[in-house]
Amino acid sequence: MTNQRELEKSIHVDLSRQETYGGYLQLDRLLQSQTPRSTEHDEMLFIIQHQTSELWMKLMLHELDRALQCVKNDELAATFKIFARVAHIQRMLFEQWAVLETMTPSEYLTFRDALGRSSGFQSYQYRALEFMLGNKDANLLLPHRASADTHAWLQARLEQPSLYDEFLRYLHRQGFPIPEDHVTRDFTKPYAKSDEVMRVFKTVYEQPEKYWVAYEMAEKLVDVEERFQLWRFRHMKTVHRIIGHKMGTGGSSGVTFLQRALGLTFFPELWDVRTELEPRP
C-alpha cells in the first residue's frame, strides 16, 4: 500500500485560468499585494494583519449597508440574520489583534520607520464604519482630501442617516413619539441624545412582548456597539503593548488618542435607558 491518494477521474484538471480557484479569487493579484519596505521578517505580519482587517471591514460594511436598507424598508426582522453575521465578523477583527501581539516592541522597531506617516487612522473603511454607526464629524474627512474619489465616497456616507438615525426614523413611522428634529436633522452633525427618545426606549424595554421587533433591534445595536468598543480597546492595548506611549506614526498621541475614542457612544439612549428601568410589577 503506497502512501499516496489516488486522483479521482472525475476531478477537473483541464482548466483555463478563469475557471480555477485562484482565478476566481484573483489570488495572483491578492498575494502580490504584500510589499514590505524593509528586509525585516516581522513586517510581513504587520502588513497581512492590516490587509485582512480591511477585508473584514469591507464585508462588515457590505452587511451593514444591507441592514440599513432593510430598516429603511421597515423590515427590521430581516436585519437580525445580518447582525448575527456581523457579530462573527467583529469577533474575527477582535481576535486578529492576538496575532499582532506576538510581535515584541524590539521587533516592531526594526521596521517602524518604513511606515512613514501611514497610520490606521487613515483607513477610509474604518471611517465609513464610524459614519455608519453614528460617529459623524466632518473633520474626519481631512486625511482623505488627497483622493477625490475616496473623499466623495466618505462625504456621501457622512451625509446619509446612520443606522441609529434610520432606526429612529422607523420608530417615528410606526407612531412612536420620536421628535421631528431627530428624523429630519442634519445627518452630518454628531447625534445629540434626547429625553424624548429615552422615554420611547423606556416604553419599549418595559413592554418587550408588545414591542418585540423594536426591542430586539435595540439589543442588536447594543451588541454591535459593545463589540466595536471591545475592538477599539483591544487595539489600544495592542498599541500600548508594542509602542508604549510613543507618538503614533500618523502624528497622533498614540495610546492617549486611542483611549479617548473609548468615550464615544454611538447609541446613547440605548445605554442610558438601562439606568431608568425598574422591575415590572
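**Salt bridges and a helix crossing**

Count the salt bridges here and you get 12, taking a salt bridge as a side-chain nitrogen of Lys or Arg within 4 Å of a carboxyl oxygen of Asp or Glu. Keep in mind that this is a predicted model, where local features need pLDDT of at least 70, side-chain atom pairs count only at pLDDT 80 or more, and totals for chains, interfaces and linings use all residues. Residues are numbered from 1 along each chain as its sequence is written, and side-chain values use heavy atoms, with hydrogens and water left out.

Let's start with Glu101 and Arg234, a salt bridge whose closest N and O atoms are 3.4 Å apart. This one ties together distant parts of the chain: Glu101 sits in the loop between helix 4 (79-100) and helix 5 (105-109), Arg234 belongs to helix 11 (residues 212-243), and 133 residues separate them. (Helices are DSSP runs of H or I, at least four residues, numbered from the N terminus.) Glu101 is buried, at 15% relative accessibility, and Arg234 is buried too, at 16%; the cut-offs are under 20% relative accessible area for buried, over 50% for exposed and partly exposed in between, with a 1.4 Å probe and protein chains only.

Next, look at Asp272 and Lys193, whose side chains meet in a salt bridge at 2.9 Å, N to O. Again distant parts of the chain are linked, with Asp272 in helix 13 (residues 268-276) and Lys193 in the loop between helix 9 (180-183) and helix 10, 79 residues apart. Asp272 is partly exposed at 26%, while Lys193 is exposed at 56%.

Step into helix 10 and you'll find Glu206 and Lys202 four residues apart, so about one helical turn separates them. Their side chains form a salt bridge at 2.5 Å, N to O. Glu206 is partly exposed at 29%, and so is Lys202 at 25%. Elsewhere, Arg127, Glu130 and Arg232 join up in a network of salt bridges.

Helix 10 (residues 195-206) also packs against helix 8 (residues 163-173), at an angle of about 70 degrees and with the axes 12 Å apart. That makes the two helices roughly perpendicular, a label for angles of 65 to 115 degrees. From helix 8, the contact (heavy atoms within 4.5 Å) takes in Tyr164, Phe167, Leu168 and Leu171, and helix 10 brings Val197, Val200 and Phe201. Those contact residues come out as seven nonpolar, no polar and no charged.

Methods:
Axes fitted to C-alpha atoms, helices over the stretch in contact; angles between N-to-C directions. Parallel < 35°, antiparallel > 145°, perpendicular 65-115°, else oblique. Nonpolar A, V, L, I, M, F, W, Y, C, P; charged D, E, K, R; others polar.
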